[in-house]
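The sequence and the structure come first.

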Amino acid sequence: LYFQGNAGSHYRAVMDSLRAVRVMGWGLVQYGLSSLASALVDVSLYAVLVKWVLAALPLSEKLFLAAVIARILSSLVNYSCNRKLPYMQNRKLFPTFVRYYTLWAGQLAASFGLVWLGCRFLGMDELAAKLVADLFLAAASYQIQLRWVFRKQEEGEGLWGRKRERA
C-alpha cells in the first residue's frame, strides 16, 4: 500500500487516527454533558413532584403528571443543548424539532410504563424505578437522536426520512 516506505505521503497513521478519534470522542463528551444537564433537571424536578407536590395522588396519576412536567422542562434543556453541538448545528429547525418531540413522546410513554411496572409489580421506590428506566432508555435515545432526529436531511427528503414522490 505504501511505496518506498511512505516517502511520498504525509499521512501519519497513528497521529492522524488519534486526531479523528479525538474529534469523534469530543462530540460524544459534549452530547453526554447536555444529557447530564437535562437528566439532572428531569430527575430533580421528578423527585420534588413525586415525593412532595403530588405525593397525595394515586400512583398512576402521580407518576404520569410528574413524568410529563419534568420531561417538558428537561426536554427544553436537552433540545437546545443538542442543537448547539457541532455535528447537529446546521440541521433544519422544524424537522429536527418534530422528530425530537416524536422521540420524546415515545420515551415519555416508555419511561412512565417502566416506572409504573417497577413500582406496582416490583415494589420499587418511584425515584429508583425512574433512574433504572431512564438509564436504559438513554442509550437508545442517543442512537435515535444521532441517526434520525439530528441527521442531515437529503434533498427531496420528507420529514420522516423518506423521499417525497413528485406528482
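## Salt bridges and helices

In this predicted model, a search of the whole structure finds 7 salt bridges. Side chains of opposite charge can pair when their charged atoms come close.

| Pair | Distance, N to O |
|---|---|
| Asp42 and Arg71 | 3.7 Å |
| Lys51 and Glu126 | 3.4 Å |
| Asp134 and Lys130 | 2.6 Å |

The salt bridge between Asp42 and Arg71 links distant parts of the chain, with Asp42 in helix H1 and Arg71 in helix H2, 29 residues apart. Both of these residues, Asp42 and Arg71, are buried.

Lys51 and Glu126 also meet through their side chains. Lys51 lies in helix H1 and Glu126 in helix H4, which spans residues 126-149, so this pair ties together parts that are 75 residues apart in sequence. How do the two partners stand in terms of burial? Glu126 is buried, because its relative accessible area is 14%, and buried means under 20%.

Which residues are linked in a network of salt bridges? The network consists of Asp42, Arg71, Lys130 and Asp134.

## Fold and helix packing

The secondary structure of the chain comes to 4 helices and 0 strands. Along the sequence the pattern reads α-α-α-α. Of the 167 residues in the chain, 34% are buried.

Helix H3 covers residues 93-122, and its axis comes within 9 Å of the axis of H4. The two axes cross at roughly 155°. Angles over 145 degrees count as roughly antiparallel, and H3 and H4 are therefore roughly antiparallel to each other. The crossing of H3 past H4 is right-handed.

A further spatial relation involves Ser44, which lies in helix H1. Ser44 and Leu127 are 83 residues apart in sequence, with a C-alpha to C-alpha distance of 9.6 Å in space. Is Ser44 buried or partly exposed? Ser44 counts as partly exposed, because its relative accessibility is 43%, a value between the limits of 20% for buried and 50% for exposed.

## Nonpolar surface

A nonpolar patch on the surface is formed by Leu57, Phe64, Leu65, Ile69, Ile72, Leu73 and Leu76. Together these residues have about 580 Å² of accessible area.

Where is the place of Leu57? Leu57 is in the loop between helix H1 (13-53) and helix H2 (59-83). Leu57 counts as partly exposed because its relative accessibility is 33%.

Methods: Residues numbered from 1 in each chain as written. Predicted model: local features only at pLDDT ≥ 70, side-chain atom pairs only at ≥ 80, totals over all residues. Heavy atoms only, no water. Patch = residues over 30% accessible without salt bridge, like charges linked within 9 Å, V, L, I, M, F, W, Y side chains within 5 Å. Areas by Shrake-Rupley, 256 points an atom, 1.4 Å probe, with all protein chains shown as cover. Salt bridge = Lys/Arg side-chain N within 4 Å of Asp/Glu carboxyl O. Helix = DSSP H or I, 4+ residues; strand = E, 2+ residues; numbered from the N terminus. Buried < 20%, exposed > 50% of the residue type's maximum accessible area, 1.4 Å probe, protein only. Axes fitted to C-alpha atoms, helices over the stretch in contact; angles between N-to-C directions. Parallel < 35°, antiparallel > 145°, perpendicular 65-115°, else oblique. Left-handed = near helix turned anticlockwise from the far one by under 90°.
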